[in-house]
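Work through the following exercises with the sequence and the model at hand. Each task is followed by a solution in steps.

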Amino acid sequence: MKKYLYLLPFILFWSCNNEDDVIIPVENNTFTAYPKGYFVSTYEGYDTIKLEYQNNKITKRIGDWIQTSSASGYRTIFSKLLETNVDYSGKTANLTKFSKLDWYQYLNDTHVYTFNGLQISEATLTYRAIPNYTEKYVYVYENNQIKYIDLFVTDHYFTNDLRNRRNFYFNTNGNLDSLVYRNADYDFYNEDIPPYIDYKKKERKVTTFSNYDQSQNPFQNLGVFTDLYYKSLSKNNFRKTQTREYDQEGKPTLNVSESSWDYEYTNGEVRVLK
């Protein structure tokens, strides 16, 4: 999750570069909680990501982005030959990415999610490129809403070492208002004291979510994908994010990032594939 802090904007139009794979989207006159796809922006224009379900559980996402390097730097490209499978076993879901591209293959990283009912309780991530390294995200809820997520790291030196926490705050409309990211503190004089989160600490990173529409959120059941997790939390759809960092004195730094976008609507609802 920490690898994907922002969502690419959803776009007003749709097109397909492959004439043999043309999708004619059905206009959604009524809201659907399980869309068969959604619209994305690419360097080439506009495209769609397709979704498959079984028993109202997401099982496949077709389409993704990869970052490629060239002499001019890094570029993110979109391809429908990149897919993610979601396999369920009891209370866990295992995400597996695979590529049908001849020139690109994934590294077989593992993303395993544990559920408590419909809510994610833990996520365990391992990376083939980083042996003996594991990230465990623990989700804590309050009043049926996510309250915070803790990141614990296990490596050559530490076991379940707390590294950071993201606190989530919601407004009265049931929409995500902001999240506050804090790094864990350590007692350097007493190694027996485990890492902890100091809420008096002024150094932090704050992301705000704003410019919400009145359309029902069609992505609420897609939070298992890290790039859609923040989107999945709200009743409606935010169209602007801003992330600002604060220094040790609590003063804002010059490190500010902002994104904004819009959606296409049909009869007042975000247009998706049905």
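**Exercise 1.** How much space lies in the second largest pocket?

*Solution.* The model is predicted: local features need pLDDT of at least 70, side-chain atom pairs count only at pLDDT 80 or more, and totals for chains, interfaces and linings use all residues. Residues are numbered from 1 along each chain as its sequence is written, and side-chain values use heavy atoms, with hydrogens and water left out.

Step 1. A pocket is an open set of points on a 1 Å grid over the protein atoms alone, where a 1.4 Å probe fits, with protein on both sides within 12 Å along at least five of seven lines. Grid points are joined across faces, edges and corners, and a volume is the space filled by probe spheres set on the points.

Step 2. For the second largest pocket, the volume is about 810 Å³.

**Exercise 2.** Describe the lining of the second largest pocket.

*Solution.* Step 1. Lining residues have an atom within 4 Å of a point. The second largest pocket has 30 of them, and Leu118, Gln119, Ile120, Gln220 and Asn221 lie nearest its centre.

Step 1. Two or more lining residues come from each of strands S3 (57–70), S5 (92–99), S7 (119–127) and S9 (145–154), and from helix H1 (229–232). Helices (H or I, at least four residues) and strands (E, at least two) are DSSP runs, numbered from the N terminus.

Step 2. Sorted by class, the lining has 14 nonpolar, 13 polar and 3 charged residues. Here Ala, Val, Leu, Ile, Met, Phe, Trp, Tyr, Cys and Pro count as nonpolar, Asp, Glu, Lys and Arg as charged, and the others, Gly among them, as polar.

**Exercise 3.** Is threonine 59 buried or exposed, and which residues does it touch?

*Solution.* Step 1. Threonine 59 belongs to strand S3.

Step 1. Buried means under 20% relative accessible area, exposed over 50%, partly exposed in between (1.4 Å probe, protein chains only). Threonine 59 has 18% relative accessibility and therefore counts as buried.

Step 2. With residues up to four places away in sequence left out, threonine 59 touches Glu52, Tyr53, Gln54, Thr84, Asn85, Val86 and Tyr88. Contact means heavy atoms within 4.5 Å.
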